[in-house]
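This briefing concerns aromatic contacts, charges placed over rings, and strand pairing. Please consult the sequence and the model shown here while reading the points that follow.

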Amino acid sequence: QVQLVESGGGLVQAGGSLRLSCAASGSIFSIKAMGWYRQAPGKQREMVATITSSGRTNYADSAKGRFTISRDNGKNTVYLQMNSLKPEDTAVYYCNGMLISDYELGDYWGQGTQVTVSS
């Protein structure tokens with residue numbers, strides 16, 4: 001079984017920073033990609049940033065220049081450094097992992113962590 005454990009969410013003032021962490025554990029053979037998604041109240045979940053096991057990254061336009069995704073493959077951990085936070089960044093942030101477990105590719109999600117940015 002696989003689980004993703006997130007940490008780092010919380011309350012921060014506009015212009016501040018937060019660093020989210022997500023560690024994958026369990027019967028993991030290989031991680032193909034990990035990423036961060038967010039969902040604000042009444043809105044659809046959207047991709048924020050993704051990173052492959054080789055380090056290729058992709059960002060939402062709203063995150064470019066402010067957010068940085070990184071990973072530690074040895075620790076099966078992905079990070080999201082969020083700088084210059086804005087109130088519109090307020091959302092539940094979910095960690096996602098595309099990985100091989102028991103010889104099957106699966107899509108796994110963390111429990112979500114609340115990020116609230118005050119103006």
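In this predicted model, Arg45 lies over the face of Trp109, at 3.8 Å from the ring centre.

- Phe29 is located in the loop between β3 (18–26) and β4 (30–39), while Tyr103 is located in the loop between β9 (91–101) and β10 (104–109), so the contact ties together parts that are 74 residues apart in sequence.
- Phe29 counts as exposed, with a relative accessibility of 67%.
- Tyr103 likewise counts as exposed, at 79% relative accessibility.

**The pair Tyr37 and Trp109**
- The rings of Tyr37 and Trp109 have centres 5.0 Å apart and planes at 65°, so they form an edge-to-face pair; planes over 60 degrees apart fall in that class.
- Because Tyr37 belongs to strand β4 and Trp109 to strand β10, the pair ties together parts that are 72 residues apart in sequence.
- Tyr37 is buried, its relative accessible area being 19%, and the limit for this class is under 20%.
- Trp109 counts as partly exposed, at 30% relative accessibility.
- Trp109 therefore takes part in an edge-to-face pair with Tyr37 and also has Arg45 over its face.

**Strand β4 and its partners**
- Strands β4 and β9 run antiparallel and are joined by 9 bridges.
- Within this pairing, Trp36 has Cys95 of β9 as its bridge partner.
- Strand β4 also pairs with strand β5 (residues 46–52), in the antiparallel sense and over 6 bridges.
- Here the bridge partner of Ala33 is Thr52, in β5.
- Strands β4 and β5 form a hairpin with 6 residues between them.
- Gly42, in the turn of this hairpin, has a positive phi of about 75°.

Definitions and conventions
Residues numbered from 1 in each chain as written. Predicted model: local features only at pLDDT ≥ 70, side-chain atom pairs only at ≥ 80, totals over all residues. Heavy atoms only, no water. Helix = DSSP H or I, 4+ residues; strand = E, 2+ residues; numbered from the N terminus. Buried < 20%, exposed > 50% of the residue type's maximum accessible area, 1.4 Å probe, protein only. Phe/Tyr/Trp six-rings, centres within 6.5 Å; stacked < 30°, edge-to-face > 60°. Lys NZ or Arg CZ within 6 Å of the ring centre and 35° of its normal. Pairing = 2+ DSSP bridges.
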